[in-house]
Amino acid sequence: MKSLWIDTVQKFEFKELNGDINTDVLIVGGGLTGILCAYMLQKSGVDYTLIEANKICSGITKNTTAKVTVQHGLIYDKIINKYGIKTAKKYYNANNNALNIYRELCKELNCNFENKDAFVYTTNKITKIKDEINAYKSIGVSTYFTTKTTLPFKVSGAVKIKNQGQINPLEFLYKISKNVNIKENTKLINLEPQCAETNKCKISFKKAIIATHFPILNKHGSYFLKMYQHRSYVIALENAQNVEGMYIDDNIKGLSFRNYGDLLLLGGGSHRTGKSGGNWAELEAFARKYYPNSKIKYKWATQDCMTLDGLPYIGNYSKNTPNLFVATGYNKWGFTSAMVAAEILCDLVQEKHNEYASVFSPSRSILHPQLAINGVEAFLNIITPTTPRCPHLGCALKYNKYEHTWDCPCHGSRFETNGKLIDGPATDDKIIQKK
């Protein structure tokens with residue numbers, strides 16, 4: 001099972017790091033965020049090195065659906081209710097700026113940036129849709145209410161925002177990373193202030209950015225309490241439909257739609273990692289009902305870090321780590337969020353003011369209902385007397401019969417049946433077998 005993007009790009013390799021070096025900024029993680037941070041720092045003339053444990057784009061990045069939009073579900077009404085109109089406006093501006101940067105970069109790199117309208121739809125009551133439209137109005141953004149969509153089923157209503165975008169993520173990333181200082185097959189083993197130990201050498205640095213999807217350092221920031229991971233599935237269908245836009249359900253467990261060429265990318269079947277859900281079976285059943293003549297060309301799955309309040313964590317890793325930075329918790333909107341992160345972190349490591357940094361600060365309040373849910377989930381799985389167990393924090397792993405993997409319901413680490421690590425925050429291949 002692999003995403004269609006893997007078959008659409010010509011990859012190239014970067015050398016591994018074999019000797020000790022000094023660098024001003026160390027970036028850990030060669031996915032979308034890390035590569036964009038490296039690119040932005042290079043443009044700013046900052047000395048940096050990016051290290052990746054495997055190959056770039058080999059983790060979550062290769063499985064994105066690459067919707068580039070300011071419309072992150074029904075987020076703006078939630079932000080206004082929690083933090084006020086000013087914060088919602090900043091969140092919008094940061095993501096709209098990210099959208100425009102992608103649009104311009106794709107022109108420079110000769111990547112195909114497709115302008116598309118984006119929709120959040122509901123098949124239930126339209127109250128939340130109306131509230132979201134009012135939220136957009138309060139921050140001065142034009143949106144539209146509609147009951148007419150190209151979807152093959154009736155919706156109660158949808159909020160539409162024009163002129164968003166979609167791209168081929170790996171085409172973009174391989175082109176933008178061509179001249180970036182990247183070291184592949186260079187795994188971080190230990191990180192101390194101003195010194196990193198890898199599998200083969202040591203790196204002296206002044207500042208570091210952790211861009212590993214889920215942060216791998218547990219002693220700072222309490223990310224193991226502030227986040228969980230959510231798994232979702234995609235099938236790419238031939239002979240289906242051109243929906244002429246990007247669609248997502250207002251429910252986190254709903255469906256999403258976008259096209260790539262003559263393929264329809266249908267997403268959904270989601271669930272908390274380590275739990276059960278609809279998976280590909282839900283998508284295949286939908287396809288049989290609404291696209292009976294379609295054929296599955298590709299199928300894959302991905303997962304996303306979910307924060308307490310629906311906003312990413314971008315900035316200092318914690319209040320006590322002035323030279324250590326992080327970007328994580330993109331809540332299923334990784335493409336715009338990664339560009340926002342790169343813009344903010346490029347400024348922060350240079351000790352420049354960034355007008356959006358306060359919105360995404362990882363040190364903001366953790367007093368949200370999700371905190372209790374995360375804590376209970378972790379406690380129950382730590383005391384569960386079963387094997388195998390995750391080397392990250394010792395939670396009981398659950399077998400995923402659809403993907404034939406061992407998954408951690410606490411923090412989302414995933415392993416092959418032989419124990420080989422697939423996804424972090426665990427960094428050790430060996431799952432724990434209690435005697």
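A polar contact is taken here as a pair of N or O atoms within 3.5 Å; within protein, one atom must be able to donate a hydrogen and the other to accept it, and residues adjacent in sequence count only if both atoms are side-chain atoms. The model is predicted: local features need pLDDT of at least 70, side-chain atom pairs count only at pLDDT 80 or more, and totals for chains, interfaces and linings use all residues. Residues are numbered from 1 along each chain as its sequence is written, and side-chain values use heavy atoms, with hydrogens and water left out.

Lys207 is found in strand β10 (residues 202–210); strands (E, at least two residues) and helices (H or I, at least four) are DSSP runs, numbered from the N terminus. With a relative accessible area of 11%, Lys207 is buried, where buried means under 20% relative accessible area, exposed over 50% and partly exposed in between (1.4 Å probe, protein chains only). Contact means heavy atoms within 4.5 Å. Not counting residues up to four places away in sequence, Lys207 touches Asp24, Val25, Leu26, Asn323, Phe325, Leu348, Val349 and Glu351. Asn279, 72 residues from Lys207 in sequence, is 40 Å from Lys207 in space, C-alpha to C-alpha.

Helix α10 spans residues 369–383 and contains Gln370. The relative accessibility of Gln370 is 18%, so this residue counts as buried. Its side chain makes a polar contact of 2.8 Å with the side chain of Asn374. Neighbours within four places in sequence left aside, Gln370 is in contact with Tyr228, Arg272, Thr307 and Leu308. Phe379 and Ile383 also lie in helix α10. Ile383 counts as partly exposed, at 48% relative accessibility. A nonpolar surface patch of about 470 Å² is made by Phe379 and Ile383 together with Val376, Leu380 and Ile382. Patches consist of residues with over 30% relative accessible area and no salt bridge, with like charges joined within 9 Å and nonpolar side chains (Val, Leu, Ile, Met, Phe, Trp, Tyr) within 5 Å; the areas come from the Shrake-Rupley method with a 1.4 Å probe, and for residues only the protein chains shown count as cover.

Ile383 is 11 residues from Gly394 in sequence, and their C-alpha atoms are 9.3 Å apart. Leu393 is placed in the loop between α10 and β18 (398–400). At 36% relative accessibility, Leu393 counts as partly exposed. Residues up to four places away in sequence not counted, Leu393 touches Asn218, Phe224, Ile382 and His411. A C-alpha separation of 8.8 Å is found between Leu393 and Cys410, which are 17 residues apart along the chain.

The structure holds 17 salt bridges, each defined as a side-chain nitrogen of Lys or Arg within 4 Å of a carboxyl oxygen of Asp or Glu. In one of them, the side chains of Lys55 and Glu184 meet at 3.7 Å, N to O. Lys55 lies in the loop between β2 (48–51) and β3 (67–68) and Glu184 in the loop between β7 (182–183) and β8 (188–192), so the pair ties together parts that are 129 residues apart in sequence. Lys55 is partly exposed, with a relative accessible area of 29%, whereas Glu184 is buried, with 1%. Asp117 forms a salt bridge with Lys160, the closest N and O atoms being 3.7 Å apart. Because Asp117 lies in strand β4 (residues 114–122) and Lys160 in strand β6 (residues 157–166), this pair ties together parts 43 residues apart in sequence. Asp117 is partly exposed at 23% relative accessibility. A further salt bridge joins the side chains of Lys299 and Glu284 (2.9 Å, N to O). Here strand β15 (residues 295–306) holds Lys299 and helix α7 (residues 279–290) holds Glu284, so the parts tied together are 15 residues apart in sequence. Lys299 counts as partly exposed at 25%, as does Glu284 at 21%. Salt bridges that share partners also join Arg231, Glu403, Asp407, Arg414 and Asp423 into one network.

A search of the whole structure finds 21 aromatic pairs. Rings of Phe, Tyr and Trp (its six-membered ring) pair if their centres lie within 6.5 Å; planes under 30 degrees apart count as stacked, over 60 as edge-to-face and the rest as tilted. The ring centres of Phe286 and Tyr291 are 6.2 Å apart and the planes are at 65 degrees, so this pair is edge-to-face. Phe286 is buried at 11% relative accessible area, and Tyr291 is buried at 6%. Ring pairs link Phe286 and Tyr291 with Tyr121, Phe153, Phe257 and Tyr290 into a cluster.
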